[in-house]
Amino acid sequence: MDKVGILVVSYGAREAAIVDAFARSPNHKVELYIADKQRNPFNVEKAFKHTVIPDLNIEDICKFAEANMDRIDFAMVGPEKPIIEGVRDLIEKRTGIPVICPTQEYAIEVSKVQQRLLFEEIAPEANPRFKIFNPVDYEGTGDVKKAVNGWLDELDNEAVVKPDKPAAGKGVGVWGDHFATREQLFEHFMSNFQYGTVIIEEKVDGEESSFQALCDGRHFIPMPDTRDYKRAFDYDKGPNTGGMGSYKDASDKLPFLTLADREDELALAIKIFQEWKTKIGDDSALRGVPLYLAFMHTGSGIKVLENNSRPGDPEIMNILPVLKDDFVDVCLKIIDGNLTRLEMEKAATVLTYKVPPSYGGYSNVFPDMVNAAEVDTPVDLSKANSLVSKCRGKIRVYPGSMEVRNGKNYALKSRAVGVLGVGETIEEARQNSLEAASAIEGGALWNRSDVASKQHIAKSLSHMEKLRRKP
């Protein structure tokens, strides 16, 4: 069995799942070199060498790679920040270690405007209507307000406001969720506009799916559809979060989509990839997961809500544990440019995130549900981890925003631990996920209870049937 050294750049539970997939390699003896945002307990246990880089600074990541370059065969990057900042370009230039993620130039997650313009060129039928507002084009507040209101007239106020780049403003805002009047929308708009370009898009009614594909630069290998739960609380209430959970069915499509819907997704994603690759002219530039697309199914066609240049968090956690192929071999094929297929188990998966009481404003909305005595206490994963061993691949526990201090695990401010259930059906997978989530003690952690519930899926089915009946 040959040794393979792998550098993993890690942020949270998504990367713990990647580390797990590497560590379970049946064909290779794996040495893991992990550059981590914090002392993630899972990664610390699995790493041959582990270092903490709190800001994931690409220079410090590169120095860690340089210090171990004689033992590292390739690198895998999960989080968006170092990808956007050019970690691949830097590491490959200074060490020659191949890195699995897009190059900085083609990490189009960095710009909402760049995405829209690319999709408008390649697949305009999949683009919601949009208008770009650049501060250099307007003389003052009155001028830009007039332009915004004119565009809102065309959209009948059904609008989504997005900053072009991550900014210090209020981020993405949606009509009916974040504002109910034009004055509120404009205040939200200006909080972003003061930092740079803002895009206002048509709000699209439909059901969302997450589409991911692995890519060696030449070949484009789709993975099964997943569904993400963005809202903080049950019944899709509360603010948007980084994702409170996700699920996939035993087949490649989601239960509320038809086979034709899935085929339409594949055709659109392949079209975007092929035409984009041709424009670029560099077979390696899109290596990794260059297209992690949020699709909105409207009943009369697909719209692209956004694209990310990385594996999904939490969606990649639904995929890797049921990948039949050795993930190390998959990555070696990505680097060699000969990844032509993936084989998946016929299994459903459900991911539930447990988070601290401050996350999503839970402690403010549901103060009576928070045990104050447990806040900031150590998190005990032992019972959940015992289920991992007992259930033989049916449960996996991936610490995320969590660190080891003095031999104990403490939740930080974001999504603390992802708990994956696997089953023949979505409901079986869901029950496995919830069982393990309930076994985690301490930290006053909480979770949504309706991720992949029969009621939620039935609601999506009903909504899609209604949309398909529209003239």
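User: Which order do the strands follow in the open sheet of 4 strands, and how do they pair?

Analyst: Strands here are DSSP runs (E) of at least two residues and helices are DSSP runs (H or I) of at least four, both numbered from the N terminus, and two strands pair if DSSP finds at least two bridges between them. In this predicted model, the open sheet of 4 strands runs in the order S6-S9-S7-S8, with antiparallel pairing. Strand S6 (130-133) and strand S8 (173-174) stand at the edges with a single partner strand each, so one side of each is left without a neighbour in the sheet.

User: How should I take the residue numbers and the limits of the model?

Analyst: Residues are numbered from 1 along each chain as its sequence is written. The model is predicted, so local features need pLDDT of at least 70 and side-chain atom pairs count only at pLDDT 80 or more, while totals for chains, interfaces and linings use all residues, and side-chain values use heavy atoms, with hydrogens and water left out.

User: Over how many bridges do S7 and S8 pair, and which helices lie on the sheet?

Analyst: S7 and S8 pair in the antiparallel sense over 2 bridges, and Val161 stands opposite Gly173 in S8. For helices, contact means heavy atoms within 4.5 Å, and angles run from 0 to 180 degrees between N-to-C directions, with axes fitted as lines to C-alpha atoms, for helices over the stretch in contact. Helix H6 (residues 112-122) lies across S6, S7 and strand S9 (198-202), running at about 140° to S6. Helix H8 (residues 182-193) packs on the sheet and touches S6, S7, S8 and S9, its direction making about 20° with that of S7.

User: What do strand S16 and S17 form?

Analyst: Strand S16 (residues 292-297) and S17 pair in the antiparallel sense over 6 bridges, with Leu293 opposite Asn307 in S17. S16 and S17 form a hairpin with 4 residues between them, and Gly299 in the turn has a positive phi of about 95°.

User: Which residues other than glycine have a positive phi, and where do they lie?

Analyst: Among them is Asn157, with phi near 70°, in the loop between helix H7 (141-155) and strand S7 (159-163). Another is Ala444, with a positive phi of about 55°, in the loop between helix H13 (426-438) and helix H14 (454-469). Buried means under 20% relative accessible area, exposed over 50%, and partly exposed in between, using a 1.4 Å probe and protein chains only; Ala444 is buried, with a relative accessible area of 9%.

User: Where is the cis peptide bond that joins Asp313 and Pro314?

Analyst: The cis peptide bond between Asp313 and Pro314 has an omega of about 20°, and Pro314 is found in the loop between strand S17 (302-308) and helix H10 (327-336).

User: Is Val52 buried or partly exposed, and with which residues is Val52 in contact?

Analyst: Val52, in strand S3 (residues 49-52), is partly exposed, with a relative accessible area of 35%. Leaving aside its neighbours within four places in sequence, Val52 is in contact with Asp36, Lys37, Gln38 and Arg39. Val52 and Lys271 are 219 residues apart in sequence, and their C-alpha atoms are 40 Å apart in space.
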